[in-house]
Amino acid sequence: MDKKLFEPPVIKRMHTGMPGKMGMPGQLEPITHIDQVSVSSLMTEFGSPLFVLSEKTIRETYRNALDAFQSRYPRVQFGWSYKTNYLDAICRIYHQEGSWAEVVSGFEYDKAIRNGVGGRQIIFNGPDKSDEDLIKAINNHSYIHIDHFDELFTLIRLADTTAAKPRVAVRVNMDTGTFPKWDRFGFNYENGEAMGAIRKIIGSGKLELVGLHTHIGTYVISTAAYRIAAEKLASLALAIERQFHQRILYIDMGGGFASLNNLKGAYHSAADTTPSFDQYAEAITGALNSAGFDPDNLPMLFLETGRALVDDAGYLAGTVLATKRLMDGRKAMIFDFGVNLLFTSFWYDHFIHPAQEMTETTEDTIVYGPLCMNIDMLRDQMQLPLLKKDDQVVVSRVGAYNMTQWLQFITYRPNVVLIGVDNRPHLIRKAETLDALIQHELTPDYLST
Ligand SMILES: *Cc1c(COP(=O)(O)O)cnc(C)c1O
């Protein structure tokens with residue numbers, strides 16, 4: 001018979017916890033397999049910790065989202081938000097599905113080109129575009145979304161030097177009834193700044209105004225906010241038609257749809273508050289369909305959804321390094337991954353599952369990462385079974401932003417594996433090594449000996 005795990009007895013005050021509307025928070029089901037591949041075999045082959053992505057989930061989620069919009073509006077185009085997850089293999093899945101690229105830097109722009117995306121299928125957002133970036137985007141006929149007046153004047157200046165005429169859209173910020181208001185990107189709608197920028201663009205004669213863009217926030221759970229934003233962009237497009245006799249070819253509603261991750265401090269679980277793609281689509285297309293556009297000349301609807309498309313497709317598998325009792329009697333666990341790999345743990349109460357069948361018994365546990373740094377805490381409190389050293393865990397819903405915002409801090413970033421639709425693992429990013437990391441370092445001669 002196996003020796004049973006011994007837990008020294010402790011006396012603690014009983015906490016009944018904070019019951020939510022749904023009662024007491026329960027234990028999460030084990031995740032032993034991802035798309036039929038066993039988690040422990042993955043870690044044996046590719047190491048621990050390990051990011052795992054499901055191609056099947058990516059494609060299914062994408063098709064659901066696209067269908068929600070296409071079934072309500074005839075002209076829809078998605079642009080994959082590179083910063084949400086710009087691993088080449090992941091981007092290429094979206095491009096295969098028909099998605100264009102939405103990029104916010106010269107680096108992301110070049111990555112999209114490398115991934116075979118045509119210049120005319122790149123949407124270039126963000127406040128930081130160098131002259132060199134802009135010239136490239138102009139000559140490739142990409143959609144340049146202007147963020148501020150300095151960029152507008154730069155484009156007018158550059159237009160004299162380029163063969164192609166820049167195709168531009170104006171990024172618009174606005175009050176959609178949500179808080180906080182995002183007014184740092186683009187031109188304001190309510191105070192007339194956006195119309196002012198449009199007047200300058202058209203008056204210059206040097207830029208071709210093709211679209212209007214907004215990105216109202218991220219993890220926005222209010223569909224009403226999207227309806228308001230679509231109404232405001234539509235009315236701006238119609239005002240442009242009236243005043244300048246110029247048709248706007250597309251309305252870009254950006255991204256920002258919430259995923260099913262629970263926000264820290266939220267009373268309700270995301271399962272109860274996150275709208276479906278159908279609900280988001282109904283709000284946006286409802287506004288566009290009733291805005292008064294010529295039905296034979298509807299503007300194209302662009303969407304740049306990131307988080308909601310990829311979050312569910314990502315997993316982080318790892319191993320328990322140690323368990324501890326803190327001075328106040330609380331149970332603590334140390335995992336081999338922390339905030340270095342799960343940047344989103346600053347906003348989310350992540351779902352941490354055991355990777356093997358466990359006993360029913362759970363205990364309030366505080367979960368730390370491996371970094372020798374006080375900030376490295378993944379959960380300040382959650383019900384976990386009595387995991388012990390070398391047990392394995394899986395964090396679900398980590399596909400968005402973690403594989404781009406991860407930190408090379410104290411230790412290496414691990415392998416990333418894609419489970420293909422063939423249910424086989426494919427390595428898509430190699431773990432870092434000392435050699436790879438020091439490649440960019442230089443030691444002055446006088447320090448070399
Ligand atoms: C980040 C970003 C997106 C994607 O946002 P999500 O909240 O992940 O959907 C889309 N458009 C722009 C301009 C962005 O900056």
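Guide: Let's begin at R325, which is partly exposed, with a relative accessible area of 29%. In these terms, buried means under 20% relative accessible area, exposed means over 50%, and partly exposed is in between (1.4 Å probe, protein chains only). The areas themselves come from the Shrake-Rupley method with a 1.4 Å probe, and for residues only the protein chains shown count as cover. Before we go on, please keep in mind that this is a predicted model: local features need pLDDT of at least 70, side-chain atom pairs count only at pLDDT 80 or more, and totals for chains, interfaces and linings use all residues. Residues are numbered from 1 along each chain as its sequence is written, and side-chain values use heavy atoms, with hydrogens and water left out.

Now for the partner of R325. The side chain of R325 meets that of E363 in a salt bridge, 2.7 Å from N to O; the term stands for a side-chain nitrogen of Lys or Arg within 4 Å of a carboxyl oxygen of Asp or Glu. This pair links distant parts of the chain, since R325 sits in strand β13 (residues 314-325) and E363 in strand β16 (residues 362-368), 38 residues apart. Helices (H or I, at least four residues) and strands (E, at least two) are DSSP runs, numbered from the N terminus. While R325 is partly exposed, E363 counts as buried because its relative accessibility is 14%.

A second pair is found in loops. E432 and R413 join their side chains in a salt bridge, again 2.7 Å from N to O. E432 is in the loop between β20 and α13 (434-438) and R413 in the loop between α12 (402-405) and β19, so the two tie together parts that are 19 residues apart in sequence. Both E432 and R413 are buried. Elsewhere, salt bridges with shared partners join E55, R59, R63 and E97 into one network.

Searching the whole structure gives 21 salt bridges. One of them pairs D110 with K136, their closest N and O atoms being 2.7 Å apart. Here the elements are helices: D110 lies in α4 (residues 106-114) and K136 in α5, so parts 26 residues apart in sequence are tied together. D110 counts as partly exposed because its relative accessibility is 34%, and K136 is partly exposed too, at 29%. As background, side chains of opposite charge can pair when their charged atoms come close.

Of the 16 residues around it, K83, T218, G256, E304 and Y401 come nearest, where being near takes a heavy atom within 4 Å. E304 places an N or O atom of its side chain 2.6 Å from a nitrogen atom of the ligand. On the oxygen side, a polar side-chain atom of T218 lies 2.5 Å from a ligand oxygen, and a polar backbone atom of G256 is 2.7 Å from an oxygen of the ligand. The protein covers 95% of the 390 Å² of accessible area that the ligand has on its own.

To finish, here are two backbone details. S48 and P49 are joined by a cis peptide bond, with omega about 0 degrees, and P49 is found in the loop between α1 (39-46) and β3 (50-54). Q36, although not a glycine, has a positive phi of about 70 degrees. Most residues other than glycine have a negative phi, and most peptide bonds are trans.

Technical notes: Polar contact = N/O pair within 3.5 Å; in protein donor to acceptor, adjacent residues only side chain to side chain.
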